[in-house]
Amino acid sequence: MPKTTTIGKYLIHRLEEAGLGHVFGIPGDYVLSFYDLLVASKMKVIGTCTELGAGFAADGYARVNGLGCACVTYSVGGLNTLNAVAGAYAEKSPLIVISGAPGLRERAKAQLLHHKIRDFHTQLQIYEKVTVASAALEDAHTAPRQIDECITECLRQKRPVYIELPRDMVDASCSAPEPMPPITGASAPKPLKEAVAEAAAMIKAAKSAVILAGVEIHRFDLQDHLLDLVHKTGLPIAATLLGKSVISERHPQYVGIYEGAMGKESARLIVEKAEAILILGAFLTDIDLGIYTAQLDEARTIAANSERVTIKHHHFEAVQLADFIKGLTRALTTGKKALKPTRIKRNLELKPFRPQAKKPCTVARFFERMNSYLDESSIVVADIGDSLFGSADLTIHRGTEFLSPAYYTAMGFAVPAAIGAQANRTDLRPIVFVGDGAFQMTGMELSTAVKYGLNPIVFVLNNKGYTTERYIHEGPYNDIHEWAYHLLPQILRKGWGCEVRTEGELEEALVTAKSHTQSFSIINVHLDKMDRSKALERLGKKLSQQAGLSK
Ligand SMILES: Cc1ncc(C[n+]2csc(CCOP(=O)(O)OP(=O)(O)O)c2C)c(N)n1
Ligand SMILES: [Mg+2]
């Protein structure tokens, strides 16, 4: 490597070094020269239909691979991506957004350059609110450091960062990359020791204890540490909805999704009745807490996440989640009252599903059927609405193979996120559940699946509109124009589609979709407009009360 390089090449080097294999986006004149560098790199550029699609796809990619990247043009592209970036911020997904920008020299000559909003830094300022680091590479001396800082913060905090590259800086000369400093985060020894000792004493003294695991376990790559804790202590474990599948849902100690009164009663009782509740890697959102139907007694709670450890009513700062889990595993399995591994026999056989050929499809029966449709190669991607609530009861076979925007709840996530998820993991086949409303927002990204030879199986839960909202507050605004979703393969000139109304038709569609591996499948599942999962009904009532809309 020579001692100098260019800013564009420096950035490419760092992206490759961070392990990125794919970059999602749409070019524009302000970013075209950087696009040429991307095309010449080891990374593959995935051109999507919209920048929002690129953002969701890059987010899905990040959730599976540990880092994602979208590259777009100035403002018109950057702001199109913004909603997906906001979701990645809210749900802690490590995403790098690279945007082109007008050249510094042309800015000096003229003010009214196309795509400018207010001033040349407006997009940067907007992005500052939804990222943990942001930089405009306007000085060749500082650019390498700015790039390194952004990538480091993205990986350290698992949240989006923004890098803006004026087009005349792509070829500006800068210092060549040095070895990237390791991303460190050491716990302060005394708070760590104290927090571990206090948590261990509380759990050992309790007659019953339970673990509630959240999405950070996956984001920070702590699944092995969590499994070690679970195995060595024999503690039962539940997961939050956002963290669904952080542990294999077929694990004998796994008791289900906990989401207050919205979820299954069996999981609720185990969690809420425990004398010690160990919450690991969760940020408990209103949805995770079943819209505050959760009854988690703070006096019995130990909550550790990437930001702090909270025991009962006090906090410990500077304690790393990984260190806390490892320390606690040691402390719980040694000394007096050491916990021991337990052998739990759990019947992992699925209840056989017997389709009734003439029976109209319902959400509840649909998801019951889907349980045995999933296999080791499935990655479930659920959009919001009943696609998410209904799939909460699915049993995911391995860790991490369930993606959904369960906190930020942006409609339109699932189809593009599935494309992002499969881009680098062609061994996985996405099973996508998406509402008809959400599909109308980003469903055209199936075109991207065709373009790159990906083969998700997409189920459009066609309940003729915004059913989630119907349960909160009904009005004419919840009706949508009905599309013939299953005819999309004709427009896209590839793919297989069909519509189903009964359980018998669904069975036939499932077989064909699985065998149609060469491209996507889309199944238009007709449902009654007021049909819903139990979880949605309960959620709707609660949200309606909160919004002051219930009669
Ligand atoms: C981008 C976006 N716009 C609006 C909303 C508000 N919203 C929440 S649920 C919902 C309806 C979802 O409809 P659909 O995708 O058909 O799923 P269903 O509720 O029918 O299962 C809407 C509009 C949202 N969450 N995200
Ligand atoms: Mg709908």
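The legends below describe several close-up views of a predicted model.

Because the model is predicted, local features are described only at pLDDT of at least 70 and side-chain atom pairs only at pLDDT 80 or more, whereas totals for chains, interfaces and linings use all residues. Residues are numbered from 1 along each chain as its sequence is written, chains are lettered from A and ligands numbered from 1 in the order in which they are written, and side-chain values use heavy atoms, with hydrogens and water left out.

**View 1. The largest nonpolar core and a second, separate one.** A nonpolar core is a set of buried Ala, Val, Leu, Ile, Met, Phe, Trp, Tyr and Cys residues joined through side-chain atoms within 4.5 Å, and buried means under 20% relative accessible area, exposed over 50% and partly exposed in between (1.4 Å probe, protein chains only). The largest core holds 83 residues, and the members that touch the most others are I7, F34, I96, F439 and L446. Helix α15, residues 414–423, gives the most to this core, with 7 residues; helices (H or I, at least four residues) and strands (E, at least two) are DSSP runs, numbered from the N terminus.

**View 2. I7 and helix α1.** Helix α1 covers residues 7–17, and its buried residues are I7, G8, Y10, L11, I12, R14 and L15. These buried residues pack against the strands β1 (4–6), β5 (95–101), β7 (161–166) and β8 (173–175), and also against the helices α2 (32–40) and α7 (143–157). Leaving aside residues up to four places away in sequence, I7 touches L137, A140, A143, I147, L165, M169, V170, A172 and C174, where contact means heavy atoms within 4.5 Å. After α1 comes G19, whose phi is positive, near 95°.

**View 3. The surroundings of ligand 1.** Around ligand 1 there are 16 residues, of which D436, G437, A438, N463 and T468 come nearest; a residue is near a molecule or strand if one of its heavy atoms lies within 4 Å of it. A side-chain N or O atom of D436 is 2.7 Å from an oxygen atom of the ligand, a backbone N or O atom of T409 lies 2.9 Å from a nitrogen atom of the ligand, and a backbone N or O atom of T467 lies 3.0 Å from an oxygen atom of the ligand. Taken alone, ligand 1 exposes 590 Å², and the protein buries 80% of that.

**View 4. I211 in strand β9.** I211 is found in strand β9, residues 209–213, and counts as buried because its relative accessibility is 0%. Leaving aside residues up to four places away in sequence, I211 touches L226, L229, V230, L235, P236, I237, A238, L278 and L280. The C-alpha atoms of I211 and I270, 59 residues apart along the chain, are separated by 10.0 Å.

**View 5. T310 and its neighbours.** T310 is found in strand β14, residues 309–311, and is buried because its relative accessible area is 18%. Apart from residues up to four places away in sequence, T310 touches T301, I302, A303 and H315. The side chains of T310 and H315 also make a polar contact at 2.9 Å; such a contact is a pair of N or O atoms within 3.5 Å, and within protein one must be able to donate a hydrogen and the other to accept it, while residues adjacent in sequence count only if both atoms are side-chain atoms.

**View 6. Two loop residues with positive phi.** Most residues other than glycine have a negative phi. H115, with phi near 75°, lies in the loop between α5 (104–109) and α6 (122–128), and is partly exposed, with a relative accessible area of 26%. R493, with phi near 60°, is found in the loop between α19 (488–492) and β20 (496–500), and is exposed, with a relative accessible area of 75%.

**View 7. The covered helix α13.** Helix α13, residues 363–371, is mostly covered, since 7 of its 9 residues are buried, namely V363, R365, F366, F367, R369, M370 and N371. The elements that cover these buried residues include α14 (386–391), β18 (429–435), β19 (457–462), α20 (503–515) and β21 (521–526).

Definitions and conventions
Accessible areas come from the Shrake-Rupley method with a 1.4 Å probe; for residues, only the protein chains shown count as cover.
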